[in-house]
Amino acid sequence: MGFERLGLSDPTLAAVADAGYSEPTPIQAQAIPQVLMGRDILGIAQTGTGKTASFTLPMIDILSEGRARARMPRSLILEPTRELAAQVAENFEKYGKNTKLSMALLIGGVNFTEQEKALDRGVDVLIATPGRLLDHFSRGKLLLNGIDILVVDEADRMLDMGFIPDVEKICERITKNHQTLFFSATMPPVIQRLTKQFLDDPKKIEVARPASTSSNIEQFLIEVSPRDKRKTLRQMLREEKIKNGIIFCNRKRDVKEVFMSLERHGFSVGQLHGDMEQSARMEVLRQFKENEIQLLCASDVAARGLDVPDVSHVFNFDVPGHAEDYVHRIGRTGRAGRQGKAITITTKSKIDVRLLEAVEKLTNTKIARINDLELKPEKRASKKTDKQADDVKSNDPQPSETDARESKSQVTEQEPSQEKSDTAQNSDSKTEKQARPSRRQGRSNDRNERGGRNASRSNERSDRPERSERSERSGRYTQNSRDRIKFAPDDMPKEPFIGLGPHVPAFLVAGIDSPKK
Ligand code: AMP
């Protein structure tokens with residue numbers, strides 16, 4: 001069945017044809033006619049299924065009639081991360097190019113004034129992260145009583161990140177009778193409760209089992225000693241036929257260290273994690289999407305849901321701490337029917353064994369073991385590395401000697417960006433607000449700059465898994481809501497996560513009008 005049978009308008013069909021799509025995906029085929037009829041939707045679908053177009057295409061047609069009024073957006077799309085919000089905005093630009101709809105993006109790390117100006121002009125489509133939206137609402141710069149369509153996207157991701165209370169507040173403040181389109185990859189009890197509370201006789205559309213991994217992804221596992229992990233990764237990167245690949249690490253610190261180690265060994269690589277300023281995150285994504293860099297070293301928080309259609313390899317430098325993350329990570333490859341390869345590096349440690357069992361149980365797959373990898377001797381990375389390494393004494397017991405020396409030198413290098421994060425003024429999320437216990441902390445920047453107590457705490461923070469930090473903060477909303485692996489108390493975060501920096505390029509600033517006809 002082609003798109004033309006779904007009830008979309010000619011301008012929208014033309015934009016779809018320009019995007020190169022001939023057939024709707026299953027979620028598009030099921031959702032689009034229902035959305036056009038004004039029905040609430042409960043879509044159980046992951047990224048990669050075409051779900052973004054399943055709500056943006058009909059929304060464009062519904063909103064093409066009517067006019068936006070100042071500070072009263074006509075539709076609202078809630079996204080858990082800035083990257084996903086920016087991705088949805090790109091989709092609106094692509095599919096809405098034959099309409100005159102106006103759009104604004106409200107995400108953290110961006111100046112409030114520009115966003116307020118866009119809201120004052122009036123927008124048809126508002127795409128926002130929950131925290132930043134509530135910030136604008138509480139300043140009285142935004143009214144939610146003109147919303148005709150509300151989209152809650154990646155609801156289970158919102159849950160993981162502790163945003164559900166914010167989502168509830170937002171839903172409660174939309175007083176007008178409106179249509180709700182609700183998407184989640186999984187349906188834990190908290191999400192089920194939300195759907196009962198806020199959806200009105202929704203059409204339920206389920207397109208893929210939550211824990212399913214794509215059959216066109218070859219999965220492999222390699223067990224090595226902790227000290228050999230980086231060397232193993234490098235050897236596989238050299239031996240595999242890699243077009244491009246994402247290397248996932250559980251901890252932000254490891255993302256930084258593996259990135260720097262690979263860079264020193266001559267690989268074309270970038271890094272993506274939650275401590276980076278938004279502008280740097282967007283830039284590295286652009287480089288990766290446009291093949292300016294071959295590899296991306298990333299954390300789960302920064303990379304989940306990203307749409308890079310043609311990734312040949314995914315490497316798990318660590319077995320993920322939550323089994324569902326394995327599905328999301330390897331789902332970055334093998335997209336749109338292409339072949340992909342996912343290789344996970346594991347160790348004999350008890351925690352890795354438990355995490356791996358959880359992954360294999362969830363995916364109902366026995367991952368193929370690579371048993372015959374012989375580590376080859378390799379040249380030292382660079383003289384600079386050796387010199388830096390000699391300057392510090394590593395106490396990290398895990399990586400090999402050279403790696404450990406490299407990593408210690410990186411810990412000192414990461415402080416400035418971390419301090420900048422501490423000074424960020426505007427948060428886009430509850431996470432970030434909670435990360436900064438008070439405005440007083442913001443005023444204590446100069447103490448940080450002198451390398452005081454807060455600076456050393458920054459290093460401790462970056463040594464923790466990003467998701468666990470968020471889950472702990474999100475309190476009752478995440479407790480027991482998933483089948484989590486329990487960590488020993490020492491593995492759990494003790495300090496809050498520090499937010500992102502304030503600098504974002506102009507194109508991400510609110511008020512991106514769709515090109516006029
Ligand atoms: P999403 O699940 O919304 O993140 O979409 C995943 C990818 O599928 C994106 O790169 C879309 O551009 C692409 N896509 C969406 N709909 C179609 C379609 N009908 N045919 C081919 N590709 C599509």
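Rings of Phe, Tyr and Trp (its six-membered ring) count as a pair if their centres lie within 6.5 Å. With that in hand, I opened this predicted model and found two aromatic pairs in the structure.

**Entry 1: an aromatic pair**

I looked up Phe 55 and Phe 183, whose rings sit 5.3 Å apart centre to centre, with 40 degrees between the planes. I noted the pair as tilted, because planes under 30 degrees apart count as stacked and those over 60 as edge-to-face. Where in the chain do the two residues of this pair sit? I traced Phe 55 to helix α3 (residues 51-63) and Phe 183 to strand β6 (residues 179-184). The pair thus links distant parts of the chain, 128 residues apart. I also checked burial: Phe 55 and Phe 183 are both buried.

**Entry 2: the whole chain**

Next I stepped back for an overview. I counted 23 helices and 15 strands in the protein chain. Of its 517 residues, 59% are buried. I then asked how far along the sequence the contacts reach: of those between residues at least 6 apart, 78% join residues at least 24 apart.

**Entry 3: strand β4 and its neighbours**

I went to strand β4 (residues 125-128) and asked which strands pair with it. Strand β2 (residues 75-78) pairs with β4 in the parallel sense, over four bridges. Strand β3 (residues 102-106) also pairs with β4 in the parallel sense, again over four bridges. For landmarks on screen, I marked Leu 78, whose bridge partner in β4 is Ala 128, and Ala 104, which stands opposite Leu 126 in β4.

Are the faces of β4 covered or open? I found both covered: Val 125 and Ile 127 are buried on one side, Leu 126 and Ala 128 on the other. In a regular strand the side chains alternate between the two faces of the sheet.

I then followed the chain from β3 through helix α5 (residues 112-121) to β4, and noted that they make a right-handed β-α-β unit.

**Entry 4: charges over rings**

Last, I looked for charged side chains placed over aromatic rings. I found Arg 139 over the face of Phe 112, at 3.8 Å from the ring centre.

Definitions and conventions. Residues numbered from 1 in each chain as written. Predicted model: local features only at pLDDT ≥ 70, side-chain atom pairs only at ≥ 80, totals over all residues. Heavy atoms only, no water. Buried < 20%, exposed > 50% of the residue type's maximum accessible area, 1.4 Å probe, protein only. Pairing = 2+ DSSP bridges. Right-handed = clockwise from strand over helix to strand, strands pointing away. Contact = heavy atoms within 4.5 Å. Lys NZ or Arg CZ within 6 Å of the ring centre and 35° of its normal.
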